[in-house]
Structure formats: C-alpha cells, structure tokens
Amino acid sequence: MDSALIVSTVAPLRKAASSESVLEDEALCGYQVELLEQKGRWHRVRTHYRYEGWVWEEDLLRGTRRAESWKKVQKLTVMQAHADILSEPKVQGILVQDLTKGALVTPTGESRDGWEKVRLCSGREGWIWGAFLGSYLTTWNRSEEEKVRNSLAETALSYLGVQYRWGGKTPLGIDCSGLCSMSYLLNGILINRDAFLAPGFCMHKIPLENIKKGDLLFFPGHVALYLGGRRYIHSTTGNNCHGVVINSLDPDAPDYRADLPPKILYAGSIF
C-alpha cells in the first residue's frame, strides 16, 4: 500500500472527490496516510486511526519511502492552539507555515533564546516558540489510570470555547467526536473518530453508574467527555450553543441541559 504525508496545515477529508462534498474529517500536518484510490487530482486515503476520505493532491506529499523515513525520526506535537513556524528565531521572522494543535514536527537540535528550530515533513525548516511543543505520544500506561484520566480531561478543556465545525478537529473548529478523539489522540490513545463505539479500538461499554473522569458519554449521533462531578464537555450546536461547552447531568445545576441526559445510550471507557 502506497503512503503519503499531510503537508498542509489542515487537510480536509471529504466524503467524495469534490471540493463541494461534505467534510468527513481533517488530517493534520505531519501525519501519514495510506493511499487507496485516485480520481484525477483527488486521492482517497486512510488515516492511522482507520478513517477514510478524499484529499486534494496538493495537501499530500506522496511517496512511501518519504513517509517511512519521516516515521523513523523523532517527532514533537504542537500543543498551542495555533502556532507559527518562522524563518528566524524572533517574532519578526517571515512565516514559513502556520500549524494547529496536534500537528507534528521534528526537532533539528538547534535552539536559541526559547525558540526551537524544527523541520516539517515537507522538508521545510523554521523556528517555533519552544513552549508550544510537547511530546508526541503513541502509547499510554494503563497502570497510571488517574494520571491518564486527568490528562484526558485537561486536554479536552483546552478546546473550551472553540467553534463547532462538522468534521473538524482543530482549535479552528471541531465537532463532538473530533473533540473526544483528539483528546485521546494527544494522549497516545486511538479511539473511534465517530460518535459510537467501534470494534478494534480499546474503548468498551461500561455501566453508566461506573463512569469516571475521562470516560465518554454516548448519545444518538453525539458524544461527550465526562469531567467528573456529573459534568461533561462536548462540542454542540444544540441548546443555542455553537461550540465546545461544559454542561451538567445534575438537574439542579445552572449548566444542566435537559434534552441530553434522557438520551444517553451508554458510557465508554478504556479502563
């Protein structure tokens, strides 16, 4: 199977090979995808979390050897909502490329006054403020349950206030399953990108009364991340909202949303 790298800041994955087709997902800069099919300048791809969609040719750097080479280098994750890669280690530098939270870069080993020089998967290099970078996690430790649960909640909270975008999964716009799957992905855990449990992933159903911080609440066509204390965070367009908000399951709480609790289908956990 041929591979490619996402070189655009955010590559839309569309349902069909057309710029007019609905957005299914977004692939972030630095991630590898499998090439499945081609129609003109459109390519149907599969992400490493098994999601498929059509990507415009200019969003990709094709070549399995390039992808495999990139796979072997050390990578860091952009943790800032939106970050600039600049030509020089100063704010006056020329913009090389802007990146969103979740994008991947590789360090060159050169740093200066808090700035880190990095290389993009396209081969371009530039400087990013070092505090904007974090570890690239691909595994997690089941024995550190409390730490993992707290980190999942903190990651989800970092998207608070982001606008709703169907198929989105960046601080520029995110949907319900995008919020939950990115909160897990940034902690090294792969779950289904849609608002339901799917076979082959590590999440499983649990009794609703056993739900803990970091677990997920599933509704018909919707999913939320539980924060503890009967509160949950989700990206929603309901109840006169249009983005990532916190609501409560407690009818006496001021942020209680009456339409959702009766619709809960089940809870999901990786523990």
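1. A contact here means heavy atoms within 4.5 Å. By that rule Asp255 touches Arg231, Ile246, Asn247 and Ser248, leaving aside residues up to four places away in sequence. Asp255 sits in the loop between β21 (243-248) and β22 (266-269). Its relative accessibility is 19%, so Asp255 counts as buried; buried means under 20% relative accessible area, exposed over 50%, and partly exposed in between, with a 1.4 Å probe and protein chains only.

2. On provenance: this is a predicted model, in which local features need pLDDT of at least 70, side-chain atom pairs count only at pLDDT 80 or more, and totals for chains, interfaces and linings use all residues. Residues are numbered from 1 along each chain as its sequence is written, and side-chain values use heavy atoms, with hydrogens and water left out.

3. Overall make-up. The chain has 3 helices and 22 strands; these are DSSP runs numbered from the N terminus, helices being H or I of at least four residues and strands E of at least two. The radius of gyration is 19 Å, close to the 18 Å from the globule rule for 271 residues, so the chain is as compact as a globular protein of that length. That radius is taken over C-alpha atoms, and the rule is 2.2 Å times the number of residues to the power 0.38. The C-alpha trace spans about 55 × 45 × 40 Å along its principal axes.

4. Burial and surface. Of the 271 residues in the chain, 51% are buried. Among contacts with a separation of 6 or more, 55% join residues 24 or more positions apart. The accessible surface of the chain is about 12,700 Å², and carbon and sulfur atoms hold 48% of it; areas come from the Shrake-Rupley method with a 1.4 Å probe, and for residues only the protein chains shown count as cover.

5. Helix α3 (176-185). In α3, 10 of the 10 residues are buried, so this helix is largely enclosed by the rest of the structure. Among the buried residues are Cys176, Cys180, Met182 and Tyr184.

6. The largest pocket contains about 460 Å³ of space. On a 1 Å grid over the protein atoms alone, a pocket is an open set of points where a 1.4 Å probe fits, with protein on both sides within 12 Å along at least five of seven lines, and lining residues have an atom within 4 Å of a point. Grid points are joined across faces, edges and corners, and the volume is the space filled by probe spheres set on them. The lining has 21 residues, with Tyr31, Gln32, His48, Lys71 and Tyr136 nearest the centre. Elements giving two or more residues to this lining are β4 (32-39) and α1 (64-72). The largest share, 3 residues, comes from β4.

7. The second largest pocket contains about 240 Å³. Its lining has 14 residues, and Trp166, Asp175, Ser177, Asp194 and Gly221 lie nearest its centre. Here β3 (23-28) and α3 each give two or more residues to the lining.

8. Backbone points to check. Most residues other than glycine have a negative phi. Asn239 has a positive phi, near 60°, and Asn240 has a positive phi, near 65°. Asn239 is in the loop between β20 (231-236) and β21, and Asn240 lies in the loop between β20 and β21. Asn240 counts as exposed because its relative accessibility is 83%.
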